[in-house]
Amino acid sequence: MICIEMNGNRKEIEDDVSIAQLLEQSEISSRFCAVELNLEIVPKDEYGSRRLVSGDKLEVVTLVGGG
Amino acid sequence: MSTPDKTNQDMFSPLKIGTHSLKSRLIVGTGKYDTLALMRDSLAASGSDCVTVAVRREKLYDREGKNLLDFIDLDRFTLLPNTAGCYNATDAVRVARLGREILRSLENPGADWVKLEVLGDSKTLLPDPLATLEACKRLVDDGFQVLCYTSDDPIMAVRLKSAGAASVMPAGSPIGSGQGILNPNNLKIILEYLKSDDPDYPVIIDAGVGTASDVAIAFELGADGVLLNTAIAHARDPVAMASAMRHATEAGRLAYLAGRIPRKLYATASSPEEGLITSRPW
């Protein structure tokens, strides 16, 4: 297991998990979201290949109502 | 004097902002509705074809399972992502880029623009002018078409236009306050300054609208568009208020194009002075 930070919360995940797998496990539709890994935006076509490592900071954002 | 044909043509001309062209001159927000279904119906009643959205963390717990975008017809509406809640230029640029990333994958035309909002104070929600200018420059350099929320200060408006903003959007009054247009004179100066050598430059009144007459006044002053959220979302009947805003947009714009009469101190009779059978007292 490794420890990452996801949307401000510490989270323990298995080794060698991709961003795509993490989103699926978290029941997040990648269609409506954007992912930032250590302050860099990850292109959608890299979700499957980018593996998370201990200490990674991940932000997963979506659109909500706003003015 | 404008001919009826010219007035009619101008009435239905689209609102052009950078490379974007909107049929409606009313841009509405998607926040603060009691339900997403009520939001959807209100957006439809507003007649708008552009809505603002905010970028926020995905909720990882207690998810309702419904996304805002399930209730917005992406074939009809261009999304305008905002940087609401940002208090410095770095955060605003970061949020703008994340919004662009989401809209690119949705293939929505709004991916290349942003409503820039950099606040200075959480009580007044007034913009931080220095941070707004800095963020505007950085976003323009990054290829964004920036619609820039600002105060009603004419000098700041000129600075933002010079920095490359696709539209300057002065507030009528503080966000969500419903106070309407507090300083029409400043807005008149902004419109004069920004349009003096560039009459098609779009100036949008953003924030502070309380009711339909505020929208009509904004257009009568010569604004090209109005952006509002709370006045519809928190009305007792949001769908009816959205309809009122649509009518006020048309009425205000048409009145502006038609040309109001000058204000005069004394009265002018509408009935003929000649042929009176009565006599004047003096």
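In chain B, residues 24 or more positions apart account for 65% of the contacts with a separation of 6 or more; two residues are in contact if their C-beta atoms, placed from the backbone, lie within 7 Å. This is a predicted model, in which local features need pLDDT of at least 70 and side-chain atom pairs count only at pLDDT 80 or more, while totals for chains, interfaces and linings use all residues. Residues are numbered from 1 along each chain as its sequence is written, and chains are lettered from A and ligands numbered from 1 in the order in which they are written.

Chain B holds nine helices and 10 strands, which are DSSP runs numbered from the N terminus (helices H or I, at least four residues; strands E, at least two). Of its 282 residues, 44% are buried, meaning that 20 or more other C-beta atoms, placed from the backbone, lie within 10 Å of the residue's own. The C-alpha trace of chain B spans about 80 × 40 × 40 Å along its principal axes.

Now for the place where the two chains meet. Chain A puts 20 residues into the contact and chain B 28 residues. On the chain A side, strand 3 (33-37) and strand 5 (57-65) each supply at least two residues, and strand 5 gives the most, with seven residues. Strand 5 of chain A also runs antiparallel to strand 4 (residues 50-57) of chain B, and five bridges join them; strands pair if DSSP finds at least two bridges between them. Val61(A) stands opposite Arg57(B), which belongs to strand 4 of chain B.

Methods
Buried ≥ 20, exposed ≤ 12 C-beta atoms within 10 Å, placed from the backbone.
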